[in-house]
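Please keep the structure open while reading.

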Amino acid sequence: MLPWNYGFEWNAAHIIFLGAFYTVLVVVATTVVSALIRARRDLGAKETEAIRWHSDFEELPVSDRVCRHVLTGEFRERTCPNAFDCRHCETHGKWIEHHPMAQHPEFEEDVLGMAFPLDRFYHRGHTWARPEEDGTVTVGIDELGERLLGVPDAVELPAPGARIQTNGTAFRVHKRDADVRILSPVDGEVIETGGPGRGWYLRVKPDATGEPAFRHLLRGAEVKAWLNREMERLQLALVSEGAAPTLADGGVPVDDIAASYPEADWDAVCGEMFLE
Amino acid sequence: MDKQFITRGVQRCSTGKFLSWMLPWAVLLAFGLLSAGLCLIKGLNQTNMDNRFAFGLWIFLDLTVIALGAGAFFTGFLLYILKVKELRAVINSAVVIGLVCYSGAVCVLAVDVGQPLRAWFTFWYPNVHSMLTEVTFCISCYLTVLMIEYLPIVLKNRQLREVPSFLLFEHELHKLVYVLAGVGTFLSFFHQGSLGGLYGVLRGRPFAFREGLAVWPSTFFLFILSAAAVGPSFILLTTWLVEKISRKRLVRPEVFRLLGRISGLLLAVYTLAKSVDTLIWINRTSPESGFAAWQYYSWKPFGTWILFAEIVLFGLLPALILLTPRLRLHTGWLVSAAALACFGVALNRFVMTVQTLALPTLSFDPFLSYFPSWQEVGTFLAVVAYGVLVYSFSFRYFNLFPEERELKLQMAAQEEEAALAGRY
């Protein structure tokens, strides 16, 4: 059948079959080799974190992928097509051109008894980024995130000098059975590390400064709308992971939510809330 | 104990419960391996097949599982080539089912053919006049494709994707999966057809012999159509079964209905084609071979009921159910129709394999009967056990149903609403 095989003849039937068979083998082998080469190229270009986030984002429930403008009621319905990176979003760019978003450093938003100072920007994975006067950016976990994690069992921080990417892993926190990847709100180089007791986790020298560098982060009036949505998500996550629904209207989340729900699958709750 | 390997946000039973579910299947697999081992070591004298009855339970099993496993190629074709996005909900499960069916079929074929150390002869010294050569080449290639398609599912495991190389390879391979889907469709089209074709060209067996188009007998096309028709039904059926066994919602009802509609449409076309083919065979092909068609059905238990069951009970009836929108709304009807369609393809493959060989064709031929030996049954059961084990393992550790997490949250929301409604 094959040219070097017993029985092979150079006629149309043999050549068509042989051609089809070899074409299939070549296509399959090329596909696998091509995937290997591309993966190697991605590894060299340090694309791992970006690809991990895109993969995670695609697997989030549709309801968790809604555009920030839906949270605020500006749009009725829209799924984010940019994996929460509004820096490249034309729609968001046009919107803020016509509706500038104000920051109010003097205010502090109080949502269900949790403080959300408006001197910083918030990432939808429950981290914040605060631009400092010396040009650095301080990164921390917002108050809802802190109440979810309580006192962490362990924290894995990157070493000073390490690079972090927006939506990539900033650091990891272990709490009970949960091993949570905390997403970075900014691109940059870590210059100092803090910890749970210091109120912040990383000090970063950002790759870019100014408003466009923080365009993808929530601010001002968006924060309250987003948090109301987050409380609904938390409620659902708790119910679906085996905790009784207890967040009645007007209630305030306790300091260590994990301790209040010993029966809940905390790994799943944290995965849901920290967008992993 | 193994929680860190299970997809985050989905619930699976305890390790102990999982192992106790796997144990009986593992025992069955061990028994099957013993049976297959006996056949390989001692030869086909361990079976009840002989030179006259050379195709038995194993070939019936092969043809059936390959037809049922067609859901993998057909779902891949619909999702990646025709962009029917809703089928993303079942594609991973379809790939695992396809892999289990095809690898199981190849293993049983290896036992049936024997001499595993000479398995490579089929590629090196192929019989250029046999349709089975095309089947062998296509199935081997498609099994390779299925294994490559299974790879991203495995590499997406929660712990494996922590390894950057695995994560990136999975991502890049997944981006090229449409190429594999295209190749899979091409290969499946031909080997499903060739499996049917190999019966249709049996001039010495007028019960199976069919006319056709150019070199392809009608059975070539009927096998392709029937496999494409029952593939979605089998996915529907297995998904429903997994939902019942695991007591979880895995896909949205709309996906079940879509699978049903696709299956119903193709089943209707198949039933029509099969009916036309049967009429041509009764009125022309068979008489030209010197047999009146009724003669085939005078040998009990193969009466005309079998033809009626094949075309009406397991063809027309499920097609009508699946094509009726009102009935598709009910899971009971959907699942029953899908089960009937799957039985139908199994019956068709049984008829083509066993009835064809049992019927006498020469005046001195006796009517043959065949009953498989326990070694044959054991090998058959090994494939079933192997399938259950691989699927159960995959269901536990890999994300076979991407919508499961979202559906869990939706159910929680409904429960929450119900609780609030009860409170106020």
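## The sheet in chain A

Glu156(A) stands opposite Arg172(A), a residue of E8(A). In this predicted model, E6(A) and E8(A) run antiparallel to each other and share three bridges.

The sheet is open and has three strands, ordered E6-E8-E9 in chain A, with antiparallel pairing. Strand E6 (154-156) and E9 of chain A are the edge strands, each pairing on one side only. From one strand to the next, the twist averages 20°. Strands in a sheet are joined by backbone hydrogen bonds, in either a parallel or an antiparallel sense.

## The helix on the sheet

H8(A) packs on this sheet and touches E8 and E9 of chain A. The direction of H8(A) makes about 10° with that of E9(A).

How many of the eight residues of helix H8 (residues 266-273) of chain A are buried? Eight of the eight are. Among them are Trp266(A), Asp267(A), Cys270(A), Glu272(A) and Met273(A). The partners of these buried residues include strand E8 (169-175) and strand E9 (178-183). Helices also take part: helix H5 (143-149), helix H6 (221-240) and helix H7 (257-260) of chain A. Just after H8(A) comes Leu275(A), with a positive phi of about 60°.

## A helix pair in chain B

Packed helices are described by the angle and the distance between their axes. In chain B, the axes of helix H10 (residues 253-288) and helix H12 (residues 305-323) come within 8 Å. They cross at roughly 145°. The crossing of H10(B) and H12(B) is left-handed.

The H10(B) side of the contact includes Gly260(B), Arg261(B), Gly264(B), Leu267(B), Thr271(B) and Lys274(B). The H12(B) side includes Ile311(B), Gly315(B), Pro318(B) and Leu322(B). By class, the residues of this H10(B)–H12(B) contact are 10 nonpolar, seven polar and two charged.

## Where chain B meets chain A

In chain B, 36 residues are in contact with 34 residues of chain A. On the chain B side, the elements that give two or more residues are helix H6 (131-155), helix H7 (164-175), helix H8 (177-200) and helix H16 (404-423).

Which element of chain B gives the largest share of the side that touches chain A? H16(B) does, with nine residues. The chain B side divides into 23 nonpolar, five polar and eight charged residues.

Definitions and conventions. Residues numbered from 1 in each chain as written. Chains lettered and ligands numbered in written order. Predicted model: local features only at pLDDT ≥ 70, side-chain atom pairs only at ≥ 80, totals over all residues. Buried ≥ 20, exposed ≤ 12 C-beta atoms within 10 Å, placed from the backbone. Helix = DSSP H or I, 4+ residues; strand = E, 2+ residues; numbered from the N terminus. Contact = placed C-beta atoms within 7 Å. Axes fitted to C-alpha atoms, helices over the stretch in contact; angles between N-to-C directions. Left-handed = near helix turned anticlockwise from the far one by under 90°. Nonpolar A, V, L, I, M, F, W, Y, C, P; charged D, E, K, R; others polar. Pairing = 2+ DSSP bridges.
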